[in-house]
Amino acid sequence: MAVYRDVDVLGLDYAKKFTQAYKAGSAQNKYVRESLCEDVQFPRVLVSPRKTDLLCGKRLYPEVGYSPQVGGMGFYFDTTSWDGENPVIKYSQTELEEWKALREFWSNEATAAKCLKSFSPEIRGRLPGVYDGGKNLDYPAYALFRMSGLQVNLKKLGNIGIGGLEEEVTCFLNNANDPESVAFFQSALHSVFRIKKCVEYYIGKAQELPPSQKTEKMLRALSGILYQAPATFHEGLQLVLLVQTIAGVINFGRLDTVLGPLWENDLATGRISWEEALELMENFYTIIEEEIWHFDGRIVIGGVGRENEAAADKFAMLAMETTERLSLPMPQLTLRFYQGQNEELISKAYDVIGQGKTFPMLYNDDVNVPAVEKAFRIDRQTAEQYIPFGCGEYMIENRSCGTPNFIINLQMCLELAMNNGRRIHDQKRLAPDYGAIANYQNFEQLLGAYEKTVTYFLEVGALAQYQIYEGTGKECPFSLISVLYDNCLEKGRSIFDGGIEFLGGTNETYGNNNTADSLTAIDELVYSQRKYSAEELLTALKADWQGYETMQKAFREAPKFGNDNDTADRMQMRVHDHVCNETQGSIVGTGLHHFLVVIINNNHNTLWGRQTSASADGRNHGDPLVPGNSAAAGSDRNGLTALLNSQAKPDPSIHAGAVQNVKVSSAFPAKNKDLYRVLFNTYFLQGGTQIMITTTNRDDLIAALETPEKYANLLVRVGGFSARFIDLDLATQMEVISRTEY
Amino acid sequence: MSDNLKGIISDIHRTSVVDGPGIRTAVFLQGCPLRCIWCHNPETQQMKIGQFGSRVVELSEVVAECKKDLAYYNVSGGGVTISGGEPLMQPLFTLKFLQELKKAGIHTALDTSGYASRTIVEKTLLFTDLYLFDYKVTDPLSHSELTKRPLKGILDNLEFLLKNKASVILRCPLVPGVNDQEEHLQAIAGMGNKYPSLVQVDILPWHSMGNVKYIKLGRKVDSHLPRGNVSKQMIDHYRAFFIEHGCSKVVVRDR
Ligand code: SF4
């Protein structure tokens with residue numbers, strides 16, 4: 001994990017300097033301001049290489065800084081990791097006063113604060129909760145301030161290098177007429193110069209290291225990229241890592257298309273051996289693991305729409321080999337594949353997964369490309385460049401931003417619809433009163449009230465997403481990112497100020513399958529069979545099922561998603577269709593190109609579960625919500641094919657990614673090498689979109705609770721990310737253990 | 001299809017990779033005339049409803065469930081296995097079930113103790129692609145003692161099937177100290193030579209997983225059974241034995 005906030009990372013003087021630059025720049029314009037602030041940041045925040053490294057490219061995110069996401073969105077100030085009033089480092093009274101003044105200044109000036117303030121009253125009214133890192137998810141929906149899901153054009157970078165970028169931007173600058181474009185191009189040019197400055201800085205740092213073969217290689221790679229396009233694999237890797245680091249972009253996209261040709265060339269000319277390449281990759285992976293949080297750091301390999309496929313495949317094999325050797329929870333290696341692709345890739349992938357590495361995650365292009373085409377309303381060729389990033393959201397490589405700036409808890413919406421807009425366990429009023437379950441005449445009325453509640457929040461979802469883009473665009477040009485985003489230079493506009501081609505966003509939905517299962521159970525037991533009355537159910541839920549155990553059992557045993565059961569799956573699809581269509585529909589009048597549901601997961605399912613009352617699927621208050629598009633823990637009892645069939649049912653062409661986790665006992669791939677492949681291949685032939693496979697054995701997980709030190713290498717998939725099992729908090733560990741293992 | 005034909009099942013396992021070739025759906029029928037002391041599924045022995053999920057089902061609904069994984073069977077060379085209990089305890093249901101599966105083009109396997117009337121066994125021939133046929137004990141006296149039923153009719157049925165060119169996999173549960181005497185092992189090894197049409201001989205070393213069910217049923221675990229699972233050494237010993245006896249058809253499973 002990135003250590004991006006430590007006790008007083010770079011000191012008060014640094015924070016003051018950055019703030020002064022911000023103030024000075026504000027007196028001119030956003031482009032100058034960004035340049036001045038970035039000049040304070042770089043190379044100051046860069047971390048020096050160790051003598052064991054082959055590559056350079058690490059940075060700190062101090063208390064005050066500028067970045068698309070890490071640290072905070074845009075200009076950020078964050079001292080929450082240390083109490084400014086009582087820091088570990090001893091401050092004089094004057095210094096304390098100065099920190100306080102800085103905090104006051106930034107509480108109004110931080111980009112996120114400005115965006116929040118500029119929200120229209122409509123949004124503020126419906127989203128009163130302020131997202132605080134997910135610590136206390138008390139409301140059914142939130143706006144989130146971040147710019148995740150940025151994927152810069154590394155291919156262009158690799159092809160033309162820093163020198164090429166400089167030439168390109170200069171050319172645009174020389175031909176620009178309007179002052180806005182001129183200002184943007186100037187700042188863009190500065191951002192390219194800044195990369196050079198950082199390369200030079202690292203050359204200096206590498207020279208300070210004790211001389212060795214490694215240091216020499218490092219120096220050669222750094223010198224190689226200073227002016228020219230990378231000519232070797234090492235240079236390519238170095239350039240990519242450094243530029244991503246400076247830009248603050250934390251997913252890598254289709255690296256095989258960038259690095260494949262360089263690696264192929266090195267291999268053909270005998271410049272480096274397979275082992276040397278692996279050594280480089282291992283250093284690359286290790287740095288990613290140390291630098292980037294586990295929800296991100298995706299590297300995508302394979303799939304349709306790659307120019308030099310043979311070369312790209314060679315890199316893909318190298319990347320999988322590295323994953324196999326290292327047993328790290330990072331990077332999140334992602335394999336896209338299609339019928340007719342080089343068989344070696346998927347075969348190697350199954351081998352690596354079978355060994356319990358959780359990677360690569362598999363994405364079926366034969367289903368996903370047409371689905372993306374439809375969902376994003378783009379042509380086939382464009383759809384071929386879809387990229388799963390972060391926890392599993394899709395975006396279009398260097399042409400869209402996939403950031404989810406809106407999250408909604410569907411199960412909480414259902415409980416509000418059952419209880420006059422009040423939360424069941426504490427009667428807190430959180431939504432309009434559309435009625436209560438006791439008053440609805442039939443199931444359709446309940447469903448209608450639920451849908452109205454969801455829509456009430458979604459109506460401001462796309463708007464919030466748009467206004468965050470707009471606010472960010474006004475404040476932050478993100479010039480380096482803009483240089484590497486298609487269209488921005490051509491239009492003479494920075495990314496969020498009209499530069500980006502597809503201004504879209506995503507809506508993270510939670511508790512989808514709890515909602516579906518609850519609705520199925522209510523339909524069956526309350527309305528169809530009339531086994532329990534609506535009042536009884538509400539009373540039982542209020543009591544968190546205490547004293548209503550038989551009833552809870554009945555609701556638990558009602559049909560559940562994940563069993564290939566038509567009743568349960570049809571309900572799931574209804575819930576899915578509604579939230580997906582309403583989300584996309586909410587773009588009307590906002591200026592967004594698309595706004596799509598993503599059914600992914602970080603640990604929000606566990607955190608939000610804490611505030612979500614007992615539910616009619618038999619879940620207790622506080623228990624985690626179902627992660628991603630999985631079945632509720634332990635409720636998938638019909639075998640793996642049944643789960644896979646269920647998961648393949650919801651329409652993939654109306655959303656931007658849904659994660660499917662399955663847990664397979666490690667004995668399964670070990671003993672049934674062929675069947676295990678055939679099983680998942682068939683799932684994909686049947687329309688499966690993607691899968692994330694954890695192979696573990698339950699005994700190991702339980703043993704790891706007791707003697708964690710023995711299980712440092714045990715990797716598990718938690719919704720949208722992989723983690724060392726022993727690093728997870730107890731609640732999440734229990735959640736993982738409770739999932740059905742096949 | 002006789003839509004309202006009903007049967008009693010104890011469970012359906014989809015994605016089974018241990019009940020015959022490929023990816024299969026295993027349907028467990030309730031009821032068994034035997035009482036093997038090592039039985040892993042004691043809950044299926046009595047023809048009772050409501051215990052451990054045993055329930056009355058309509059044939060059409062079970063067939064529909066089986067058809068859901070057609071794609072998986074086709075690609076993996078799998079199909080449906082009818083197991084139990086003893087499926088031939090519900091002969092009408094089982095026969096009709098086999099027939100319906102064949103109509104749907106699904107590979108069928110019948111997991112049987114072989115204890116059934118010849119007329120029924122004969123009728124299954126037409127619709128059964130593979131028999132998983134138990135061979136438990138060699139000595140007739142011990143057989144009666146350990147399973148509460150005689151061996152003779154079972155062996156006759158086996159011979160009948162093999163003579164009629166049925167594909168048979170012999171399934172031999174081995175319980176240390178109970179039925180793993182040298183004599184029995186030799187007889188198993190001898191089966192391969194005696195019946196060239198046997199597809200395979202599966203050795204299934206005993207495991208204690210079923211014990212908890214006895215407790216839940218309020219029954220005692222037989223005192224002759226070993227305390228723990230079959231050891232790794234024991235499994236190696238079985239393997240060595242069959243290699244020594246040159247029996248290439250024998251596959252000794254892990255626990
Ligand atoms: S034949 Fe099978 S089901 Fe019947 S008692 Fe013996 S082991 Fe149990």
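Which residues is Phe284(A) in contact with, leaving aside its neighbours within four places in sequence? Counting heavy atoms within 4.5 Å as a contact, Phe284(A) meets Leu55(A), Leu237(A), Leu241(A), Phe252(A), Leu255(A) and Ile299(A).

## Basis of the description

This is a predicted model, in which local features need pLDDT of at least 70 and side-chain atom pairs count only at pLDDT 80 or more, while totals for chains, interfaces and linings use all residues. Residues are numbered from 1 along each chain as its sequence is written, chains are lettered from A and ligands numbered from 1 in the order in which they are written, and side-chain values use heavy atoms, with hydrogens and water left out.

## Chain A overall

The secondary structure of chain A comprises 31 helices and 16 strands, where helices (H or I, at least four residues) and strands (E, at least two) are DSSP runs numbered from the N terminus. For 742 residues a compact globule would have a radius of gyration near 27 Å, and the 26 Å of chain A agrees with this; the radius is taken over C-alpha atoms, and the globule rule is 2.2 Å times the number of residues to the power 0.38. Along its principal axes the C-alpha trace of chain A spans about 75 × 60 × 55 Å.

Of the 742 residues of chain A, 65% count as buried, a term that means under 20% relative accessible area, with exposed meaning over 50% and partly exposed in between (1.4 Å probe, protein chains only). Among contacts in chain A between residues at least 6 apart in sequence, 75% join residues at least 24 apart. The accessible surface of chain A comes to about 25300 Å², with 49% belonging to carbon and sulfur atoms; such areas come from the Shrake-Rupley method with a 1.4 Å probe, and for residues only the protein chains shown count as cover. The mean positions of the 71 positive and 93 negative charges of chain A are 2 Å apart, with Lys and Arg counted as positive, Asp and Glu as negative, and His and the chain ends not counted; each charge is placed at NZ of Lys, CZ of Arg, CG of Asp or CD of Glu.

## Chain B overall

Chain B has nine helices and nine strands. Its 255 residues would give a compact globule a radius of gyration near 18 Å, and the value for chain B, 18 Å, agrees; the C-alpha trace of chain B spans about 50 × 45 × 35 Å along its principal axes.

In chain B, 51% of the 255 residues count as buried, and of the contacts between residues at least 6 apart in sequence, 71% join residues at least 24 apart. Chain B exposes about 11300 Å², of which carbon and sulfur atoms supply 54%. Its 31 positive and 26 negative charges have mean positions 3 Å apart.

## Nonpolar cores

A nonpolar core is here a set of buried Ala, Val, Leu, Ile, Met, Phe, Trp, Tyr and Cys residues joined through side-chain atoms within 4.5 Å. The largest such core holds 236 residues, of which Phe233(A), Phe284(A), Leu537(A) and Phe680(A) touch the most other members. Helix α7 (residues 179-208) of chain A contributes the largest share of this core, 12 residues. A second, separate core of 65 residues includes Val62(B), Leu101(B), Leu185(B) and Met191(B).

## Backbone exceptions

Most residues other than glycine have a negative phi, and most peptide bonds are trans. The bond from Phe359(A) to Pro360(A) is cis, with omega near -5 degrees, and Pro360(A) is found in the loop between α13 (343-354) and β6 (361-364) of chain A. The bond from Gly84(B) to Gly85(B) is likewise cis, with omega near 10 degrees, and Gly85(B) lies in the loop between β4 (79-83) and α3 (91-103) of chain B.

Although not a glycine, Asp544(A) has a positive phi of about 55 degrees; Asp544(A) is placed in the loop between α23 (534-542) and α24 (549-557) of chain A. Thr15(B), also not a glycine, has a positive phi of about 60 degrees, but Thr15(B) belongs to strand β1 (residues 6-16) of chain B and counts as buried at 14% relative accessibility.

Ala383(A), in helix α15 (residues 380-383) of chain A, is buried, with a relative accessible area of 0%. Not counting residues up to four places away in sequence, Ala383(A) touches Val369(A), Val372(A), Glu373(A) and Ile378(A).

Lys213(B) is found in helix α8 (residues 211-217) of chain B. Leaving aside neighbours within four places in sequence, Lys213(B) is in contact with His40(B), Asn41(B), Pro42(B), Glu43(B) and Phe52(B), whereas the C-alpha atoms of Lys213(B) and Val201(B), 12 residues apart along the chain, are separated by 28 Å.
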